[in-house]
Amino acid sequence: MSRSSTVMRILYVFLFLALPFLGRTQSYTFVFLNARSDKPELPKEEVDKIMKGHMDNMSRLANEGKLLAAGPFDGGGGIFIMNTKSTEEASQWISTDPGVQAQRWKVEILPYQPRIGSVCTVKEPYTMVTYSFVRFRSNIHKETVGDYPVMLKKHEDYISELAKGGNVITEGTFGEQEGGILILKGEVQAEVFENDPSIKGGTMLFEVKKLWIAKGSFCEK
């Protein structure tokens with residue numbers, strides 16, 4: 001079987017696995033503001049001005065109904081969830097952010113489909129909480145491409161079993177081969193995900209961070 005045929009088979013299997021989720025929830029755009037170790041050193045006064053503009057711009061976008069949820073990671077960086085399924089539109093919306101304009105972060109913009117939980121707007125006054133944020137990245141190359149459909153199904157089964165424990169706040173996907181996220185209550189040990197068959201098989205990679213966000217952002221109680 002040719003490489004292109006194998007990839008097409010994977011895409012068809014992915015769509016088959018995703019069918020139970022289609023049409024059940026709204027689509028959004030997920031923005032990662034990834035911390036940069038190589039960002040330019042600036043005077044404190046300039047950094048403070050940029051960050052004030054960043055916060056003011058977030059408030060404006062939220063008031064306009066464009067920004068639904070946002071929160072920082074421990075150690076730097078953070079996320080936006082935008083109220084659009086168009087990554088181009090989301091890119092235009094965040095282009096007004098002084099921090100983005102100053103390239104204080106490495107920005108990733110991805111289509112997002114929640115499958116457990118959803119995204120909700122939280123009004124002030126709100127309570128900030130910390131969750132364990134897990135990002136999964138597909139690791140498809142010539143050694144793993146043939147195993148991807150089976151491992152993807154095993155990964156989803158593994159996440160479904162984790163969700164039965166009651167600690168999963170939300171879970172969602174970034175698309176066919178872009179991985180996804182899992183957000184959980186409390187501390188989470190890396191070993192939990194090292195036991196995921198897709199991680200063991202090398203078809204997915206993961207990283208765990210602490211996310212600060214307004215309680216209720218994922219429609220949790």
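## A disulfide and a pocket

In this predicted model, Cys120 and Cys219 are joined by a disulfide, with an S to S distance of 1.9 Å. If the term is new to you, a disulfide is a covalent bond between the sulfur atoms of two cysteines. The count for this structure comes to one disulfide.

Where do the two cysteines sit? Cys120 is in the loop between β4 (105-116) and β5 (128-138), while Cys219 is in the segment after β8 (204-214), so the bond ties together parts that lie 99 residues apart in sequence. The disulfide is right-handed because the torsion about the S-S bond of Cys120 and Cys219 is about 100 degrees.

| Cysteine | Relative accessible area | Class |
|---|---|---|
| Cys120 | 27% | partly exposed |
| Cys219 | 30% | partly exposed |

The largest pocket holds about 870 Å³. It is lined by 35 residues, and those closest to its centre are Met55, Met58, Leu67, Ala70 and Tyr126. Four elements, β1 (28-35), α2 (44-63), β2 (67-72) and β3 (78-82), each give two or more residues to this lining.

Which element gives the most to the lining of the largest pocket? That is α2, with eight residues. Sorted by class, the lining of the largest pocket has 20 nonpolar, 10 polar and five charged residues.

Note on methods. Residues numbered from 1 in each chain as written. Predicted model: local features only at pLDDT ≥ 70, side-chain atom pairs only at ≥ 80, totals over all residues. Heavy atoms only, no water. 1 Å grid on protein atoms, 1.4 Å probe; cavity = no way out; pocket = protein on both sides within 12 Å on 5 of 7 lines; lining within 4 Å. Points joined across faces, edges and corners; volume = space filled by probe spheres on them. Nonpolar A, V, L, I, M, F, W, Y, C, P; charged D, E, K, R; others polar. Disulfide = S-S within 2.5 Å. Buried < 20%, exposed > 50% of the residue type's maximum accessible area, 1.4 Å probe, protein only.
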